[in-house]
Amino acid sequence: MASVLIVSDQSLQRLGLRMLLTAEPDLTVVGEAARGAEVVRLSVSLRPDVVLMATPPLDAEGIEAIRRITRPVRLLPDSARADRIPPRVLVLASTSREGHAQAALRAGAGGFLPHDASPDQLTAAVRIVATGDAVITPGLTRALIDAVRKQRTPYPFDQYTGSDTFTGRERDVLLAVASGWSNAEIAARLSIAPATVKSHVSHILAKIRARSRVQAVTYAYESGLVQPAA
């Protein structure tokens, strides 16, 4: 059962999303929030698996909320660390604004869907993000890669360490993640257990000090481990 915190400043939209999600046997809605400050507070108290941010005008407050929600446990006060796994964030918003999706993903969002996604696409995305995998539309993936190629300065994760700290298997897993494979696909193709894949992904994120798989993909391209296709 994946728990979801819904974020929208429109009450009718929150109601519709609640009805959609609670109709699924494996999804449950644990709360609702209207703005960034409120969702940060509720994400700590309710500890949802997924924060669904259905906010078409994803402003600076929303981006900062994503950054605070997904910040690594090691940056939290000792009193907040016990058994604390940061929620994954799925953004449902317009992709028309240049840099909109990139800003959300760099802040730590684990997925980004256009606001006109179908109900089935949305519920499937919630499940995927809840497991730790990423959801990005093909067009957005291309835009992110193009942005990486044009970027002249490092992406603002924390100061990451470098690929020389990866084990051989971690490098294999990172290359697979950068290729868009899910944990299940990586496990099958590398002949390892899904739990082992999750462990490797966690170690990779810790070593490069990234907040999400999406940032790991960005790192893989930016560092030269993966070369974008022409």
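**A guided reading**

Visitor: Is Thr 123 buried or exposed?
Guide: Buried means under 20% relative accessible area, exposed means over 50%, and partly exposed lies in between (1.4 Å probe, protein chains only). The relative accessibility of Thr 123 is 4%, and therefore Thr 123 counts as buried.

Visitor: What kind of model is this?
Guide: Residues are numbered from 1 along each chain as its sequence is written, and side-chain values use heavy atoms, with hydrogens and water left out. Local features need pLDDT of at least 70, side-chain atom pairs count only at pLDDT 80 or more, and totals for chains, interfaces and linings use all residues, since the model is predicted.

Visitor: Which residues does Thr 123 touch, not counting residues up to four places away in sequence?
Guide: Thr 123 lies in helix H5, residues 119–130. Helices (H or I, at least four residues) and strands (E, at least two) are DSSP runs, numbered from the N terminus. A contact means heavy atoms within 4.5 Å. With residues up to four places away in sequence left out, Thr 123 touches Leu 20, Leu 21, Glu 24 and Leu 27.

Visitor: How many helices and strands does the chain have, and what share of its residues count as buried?
Guide: The chain contains 10 helices and six strands. Among its 230 residues, the share that count as buried is 45%.

Visitor: Which residues make the nonpolar surface patch?
Guide: Patches are made of residues with over 30% relative accessible area and no salt bridge: like charges are joined within 9 Å, and nonpolar side chains (Val, Leu, Ile, Met, Phe, Trp, Tyr) within 5 Å. Leu 12, found in helix H1 (residues 11–22), is exposed, with a relative accessible area of 69%. Areas come from the Shrake-Rupley method with a 1.4 Å probe, and for residues only the protein chains shown count as cover. The nonpolar patch covers about 350 Å² and is made by Leu 12, Leu 15 and Met 19.

Visitor: How far apart are the closest N and O atoms of Glu 64 and Arg 67?
Guide: Both residues belong to helix H3 (residues 60–69), where a spacing of three residues separates them by about one helical turn. An α-helix has 3.6 residues a turn, so residues three or four places apart point the same way. A salt bridge is a side-chain nitrogen of Lys or Arg within 4 Å of a carboxyl oxygen of Asp or Glu. Glu 64 and Arg 67 form such a bridge, and their closest N and O atoms are apart by 3.0 Å.

Visitor: Which residue forms a salt bridge with Asp 172?
Guide: Asp 172 is partly exposed, at 33% relative accessibility. The N to O distance is 3.7 Å, and the partner is Arg 169.

Visitor: Is Glu 170 buried or exposed?
Guide: The side chains of Glu 170 and Lys 207 meet in a salt bridge of 2.7 Å, N to O. This pair links distant parts of the chain, with Lys 207 in helix H9 and Glu 170 in helix H7, 37 residues apart. Lys 207 counts as partly exposed, at 23% relative accessibility. Glu 170 has a relative accessibility of 5%, and therefore counts as buried.

Visitor: Which helices do the buried residues of H7 pack against?
Guide: In helix H7 (residues 168–178), the buried residues are Glu 170, Val 173, Leu 174, Ala 176, Val 177 and Ala 178. These buried residues pack against helix H8 (183–190), helix H9 (194–208) and helix H10 (213–222).

Visitor: How far apart in space are Gly 180 and Arg 213, C-alpha to C-alpha?
Guide: Gly 180 follows H7 and has a positive phi, near 90°. This glycine lies in the loop between H7 and H8 and counts as exposed, at 58% relative accessibility. Gly 180 and Arg 213 are 33 residues apart in sequence, while their C-alpha to C-alpha distance is 9.8 Å.

Visitor: How many salt bridges does the structure hold?
Guide: Arg 14, Arg 18 and Glu 32 are linked in a network of salt bridges. For the structure, the number of salt bridges is seven.
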